[in-house]
Amino acid sequence: MAVTRGFKGRGSAEGPARVPPGQHLVDDFPVLSAGPTPRVSLDDWSFTLKVGPRPVMKWSWAEFNTLPITKMTRDIHCVTTWSKLDTAWEGVLVDDIFAAANLPPPTPYILAHSFDGYSTNVPVADLSGKAMVAIRYEGKPLERDHGGPARLLVPHLYFWKSAKWINGLQFTERDEAGFWELRGYHMYGDPWREQRYSGD
Ligand SMILES: Nc1nc2c(c(=O)[nH]1)N[C@H]1C(S)=C(S)[C@@H](COP(=O)(O)O)O[C@H]1N2
Ligand SMILES: [Mo]
């Protein structure tokens, strides 16, 4: 039997490809931030769910940690061309956040907001059943440089959609551009269709 250990290339008899076009694998975990890493103490941390301008639910760190915790192991893909396989996360599924707030999604669009002023847009359909607010990585509390205390994880879209230092989700009437989307990045960001920039 042929030795195929370590084969990570195009699709094969083993199954579909795991590395999207234009991406290469890394073993380390690069840090990419638009600005300095904010220091958010657990006492100051909060997470707010909004419908347009209206806050509908707010959790402290202690309250947020009473929500159900789910484990997710996924491949991640950064628009700067690195991909990383089998990253292991724990956190609260976005669906469980909506359920805890007793809020069926009132619009199809979300803007995620962060403590550093960052934001990014993701359709609700790409959060339901697919995304979480992660608080642990590889069994340990999420490091500050990687978005700790908590970050969004939307593994099937380019990693800029996974907002670090997240402090809330906001339902919007329309698909509103966030930080990078206002600066020329794609509104959706599917790595398998190489949707890196707005014209892609
Ligand atoms: N709040 C916030 N979230 C952010 C960013 C940022 O600058 N601020 N950078 C984004 C980009 S461009 C990428 S590629 C990933 C990088 O995450 P990492 O530093 O954990 O690799 O975070 C995304 N989330
Ligand atoms: Mo990025």
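Strand 8 is joined by two bridges to strand 9 (residues 140-141), and the two strands run antiparallel. In this predicted model, strands 8 and 9 form a hairpin with two residues between them, and E138 in the turn has a positive phi of about 50 degrees.

- Strand 8 is mostly covered, since five of its six residues are buried.

- Strand 6 (residues 109-114) and strand 7 run antiparallel and are joined by five bridges; Y109 has P123 in strand 7 as its bridge partner.

**Nonpolar cores**

- The largest nonpolar core has 36 residues, and those with the most contacts inside it are F47, L49, F64, L152 and L169.
- At least two residues of this core come from each of strand 2 (46-51), helix 1 (61-64), helix 2 (94-100), strand 6, strand 8 (132-137) and strand 11 (166-172).
- If neighbours within four places in sequence are left aside, the residues in contact with L49 include V56, M57 and W59, together with I97, F98, L169 and F171.
- A second, separate core has 13 residues, among them F29, W82, M132 and L142.

**Salt bridges**

- A search of the whole structure finds six salt bridges.
- One of them brings together the side chains of D75 and R18, with an N to O distance of 2.7 Å; this pair links distant parts of the chain, with D75 in strand 4 (residues 70-77) and R18 in the segment before strand 1 (24-25), 57 residues apart.
- D75 is buried, with a relative accessible area of 16%, whereas R18 counts as partly exposed at 31% relative accessibility.
- R18 and D75 are also linked with D86 in a network of salt bridges.
- The side chains of K161 and E181 meet in a salt bridge, again described by an N to O distance of 2.7 Å; K161 lies in the loop between strand 10 (151-153) and strand 11, while E181 lies in the segment after strand 11, so the pair ties together parts that are 20 residues apart in sequence.
- K161 counts as buried at 0% relative accessibility, and E181 is buried too, with a relative accessible area of 7%.
- R196 forms a salt bridge with E194, and the closest N and O atoms of this pair are 2.9 Å apart; here R196 counts as buried at 9% relative accessibility, while E194 counts as partly exposed at 31%.

Note on methods: Residues numbered from 1 in each chain as written. Chains lettered and ligands numbered in written order. Predicted model: local features only at pLDDT ≥ 70, side-chain atom pairs only at ≥ 80, totals over all residues. Heavy atoms only, no water. Pairing = 2+ DSSP bridges. Helix = DSSP H or I, 4+ residues; strand = E, 2+ residues; numbered from the N terminus. Core = buried A, V, L, I, M, F, W, Y, C linked by side-chain atoms within 4.5 Å. Buried < 20%, exposed > 50% of the residue type's maximum accessible area, 1.4 Å probe, protein only. Contact = heavy atoms within 4.5 Å. Salt bridge = Lys/Arg side-chain N within 4 Å of Asp/Glu carboxyl O.
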